[in-house]
Structures are given as structure tokens and as C-alpha cells.
Amino acid sequence: MSKMIAAGFVGGGFMGEVHTRAARAARARLSGIVSSSPSRGQIAAERLGVEHSFATLEEMLADPSIDVIHVLTPNALHAEQALAVIAAGKHVICEKPLAVSSVEADQLVAAAREAGVTATVPFVYRFHPMVREARARVQAGDTGRLFTINGSYLQDWLLDQADHNWRVDAATGGASRAFADIGSHLVDLIEFVTGERITRVAASLRTFFDTRVGSSHVGTEDADAVVFETSGGAIGTLLVSQVAAGRKNALRLDISGSRESLSFDQEHPDSLWVGRRKASLTVPRDPAHLHPDAARLSVVPGGHPQGYQEAFAAFIGDSYASIAGEARDGLPRFEDGLRAVRITEAVIQASTSGQWVEIEEVPNE
Ligand code: SOE
């Protein structure tokens, strides 16, 4: 990349830390930041090493030197802020869920297409080399016809009734909590690795705590159990929970085909299990023996653990490469964000109605 990308950030919380670290690794200039108040913005700029804090998003958007804005605010603000970024002619990286409704997500996809900007969503687990390896094996036909898919994403940071966060309240987080926050990663990963689409879902959702400290009414779910079917004829199950004691960020994906099975575990991302009737094996992340796309994302030699932050940096690096006009395979765009929002809405609808719900396709450009 010839020109250094100048990046701005809206939001200075946990994701602000992850994004600025990744942007620095991708050799961007950390030009500006906006937080929930000017004083918080100044503190965030100092803490994260960002050059300038702006009092408002409008002020930051008026700075012609900034190429891309990362939107890292509570979910209900994503649509309005990302639309403003696009209207200012800048590229945008917007946290997931892209929006709190598919109507808003549709508007974002349309606006980004119309403006011709790069608009991406951090479905970062796509950027683990062994996820790319799994995808390459499916594409090469090694897995055979896909029969079953089992995905789970379990966390425990909301296990206690005293645990609270803006995601708990539907007004800031949106109607879905667990599925929108982490189930969205899971469905994105399933479609990315298998190349198949989730066509319909049946679901059961639970809110185990109707009240939490700080919320007299919790309108969002703690856990989701989902059954689904795919375009290629496979069937699958998903279990998503933010109240699973001891599970920190346990995203697991098991795919079983007519020739072999594949198993990826996000907490142990440096290997992929390949199951066979005879001679199952654990493939280590050794760039010399991986498919090209997996080897490209392998930034440290085999045997040197690589994880979440490197995956994030690779996502940001590929987003910036796209801004610079380079083509990058597997970059999650607003269309993929819309897709996850549609599946989230279908899961809620299926749980409420007790019926199967079909998922509408996102048309190609
Ligand atoms: C919290 O559930 C969280 O930080 C999610 O918001 C992220 O998307 C996920 O990657 C890790 O967990």
C-alpha cells in the first residue's frame, strides 16, 4: 500500500482498544477519536495513542485528511453513525451487529453501494488461518457432501444477575442480545466456511434473569438454541449463551461431510481437527503445509501461538487494502452484516411463533 491510511474511531471502550491496536499493526495513522463526551474523548485519545480527540462525530467527519472511520458504539447508534460516515464520503468499518433491524441494515448496504466506499464488518474469526484452511478443504471437495453442522458459542460474562452492560437493554443493544452479539459470528462463520447458506431456522430463546442490577426489565435473551437447514441440504444446530459458567469465548464449529469432518475451536485456533473413519488427524498451523489463503494469514511461524488480535489485525489490514483498491478474498462486508441481522431476526421470530422461518437472500451487487 503506497499511501498511509488515516483512521478515525467513534467509541473508546474495549473495542476501541482492539481496533486501535489492529489499526496500528496495519500501519495506519491513528488520526482521531470521538467518545461519549469531549472529556472521555481526550482520555481515550491519550490512553490509546490517538493523535487528536474531536468533540463530535460531525467535527471528525469534517476533517478531510481522515480516510476511514471505525464505528464502535452501542448497537442502536451504528446505523445513524455509519450513514453519516458514508454521506461524508469516507470508508467505514462498523462493529456487529451492523444494525438493530434489517430495515436499517438494508439502508446501510444501499448507501455504501451507492457511494462506492469500502464498508466492512468485523466478523474477525474468518481471519484465523485454520478457519481459512477449513474453508479451502471444503472448497477443494475434501470434506465431501455436507451432512451436519454443529456450532456453539458460549460465554459467562453475564452469568450473575449483578452482571450488567448496555447490551442487556433492548433500547441500546437491540431486540436480540446473545444472538446479535455472538451468534452473528457463528452464522457468518458457518456460511463462510461451508459456502452454503442457512435457509431456514427454528429456535428457542431464554432470558433467565428478567431483572438485572441496573435493569428493572431485561428485554434481551441470555441464550438461544437453534435448528437450521442449509442450501446444500445439510442440517445443523446452534447453541449460543452468555451465561455458561467457565466458558469465556468458546466458539466451536463442527462440520461433518461424506468424506471427512472438520472441527475448529476458537480458544485453540492454531490447529484444525480433520476427522476420518480411518486415521483422523490434527493439522497444526504450519504455513509451509497450508492452503495459500491460510498461509497468507499465518503471520508468525508455526509453533508460535497466533490468536484473536492477529485475526483482528488481518481483518483491518484487508479492509485498508480494499480501501487502497486491492482485491481481498473473504473480506466481510456490509452485505454479510445484513445477512447476520436477517438471520437474527428470523431466530427471534421463530422462537416467538414456534414455527420454522425462512431466511431472505441478500441480492448481489
Ligand atoms: C462480547 O460478547 C464480545 O466482545 C463480542 O462483542 C465480540 O464480538 C466477540 O468477538 C467477543 O465477545
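In this predicted model, the lining of the second largest cavity is made up of five nonpolar, two polar and one charged residues. Here Ala, Val, Leu, Ile, Met, Phe, Trp, Tyr, Cys and Pro count as nonpolar, Asp, Glu, Lys and Arg as charged, and the others, Gly among them, as polar. The chain is divided into domain 1 (6–124) and domain 2 (126–304 + 331–353), with bounds from an automatic or database domain assignment. The largest pocket lies between these domains, because both give residues to its lining.

Residues are numbered from 1 along each chain as its sequence is written, and side-chain values use heavy atoms, with hydrogens and water left out. Since the model is predicted, local features need pLDDT of at least 70 and side-chain atom pairs count only at pLDDT 80 or more, while totals for chains, interfaces and linings use all residues.

**Cavities**

- The structure holds two cavities of 30 Å³ or more. A cavity is a set of points on a 1 Å grid over the protein atoms alone where a 1.4 Å probe fits but cannot get out, and lining residues have an atom within 4 Å of a point. Grid points are joined across faces, edges and corners, and a volume is the space filled by probe spheres set on the points.
- The second largest cavity holds about 30 Å³ of space, and its lining consists of Lys96, Pro97, Leu98, Phe123, Ser184, Gly337, Ala340 and Val341.
- Helix H11 (334–353) gives the most to this lining, with three residues. Helices (H or I, at least four residues) and strands (E, at least two) are DSSP runs, numbered from the N terminus.
- Domain 1 and domain 2 each provide at least three residues of the lining of the second largest cavity.
- The largest cavity has about 50 Å³ of space. Around the largest cavity stand Val131, Ala134, Val193, Leu253, Ile255, Leu262, Ser263, Phe264 and Leu272. H6, strand E11 (250–257) and strand E12 (261–265) each give two or more residues to that lining.
- With three residues, E12 has the largest share of the lining of the largest cavity. By class, this lining has eight nonpolar residues, one polar and no charged.

**Pockets**

- A pocket is an open set of grid points with protein on both sides within 12 Å along at least five of seven lines.
- Helix H6 (129–139), H8 and H11 each give at least two residues to the lining of the second largest pocket, and H8 has the largest share with six residues.
- Of the residues lining the second largest pocket, 15 are charged, nine nonpolar and five polar.

**Domains**

- Taken over C-alpha atoms, the centres of domain 1 and domain 2 are separated by 25 Å. Their contact takes 27 residues from domain 1 and 25 residues from domain 2, where contact means heavy atoms within 4.5 Å.

**Helix H1**

- H1 has 12 residues, which at 1.5 Å a residue should span 16 Å; its end C-alpha atoms are 17 Å apart, which agrees. The expected span is 1.5 Å times one less than the number of residues.
- Met15, Gly16, Val18, His19, Thr20, Ala22 and Ala23 are the buried residues of H1. Buried means under 20% relative accessible area, exposed over 50%, and partly exposed in between (1.4 Å probe, protein chains only).
- These buried residues pack against strand E1 (6–10), strand E2 (29–34), H2, strand E4 (68–71), strand E5 (91–94) and H10.

**Leu30**

- Leu30 has its place in strand E2 and is buried, with a relative accessible area of 6%.
- Not counting residues up to four places away in sequence, the residues that Leu30 touches include Ala7, Phe9, Thr20, Ala23, Leu48 and Val50.
- Glu51 is 21 residues from Leu30 along the chain, and their C-alpha atoms are separated by 6.2 Å.
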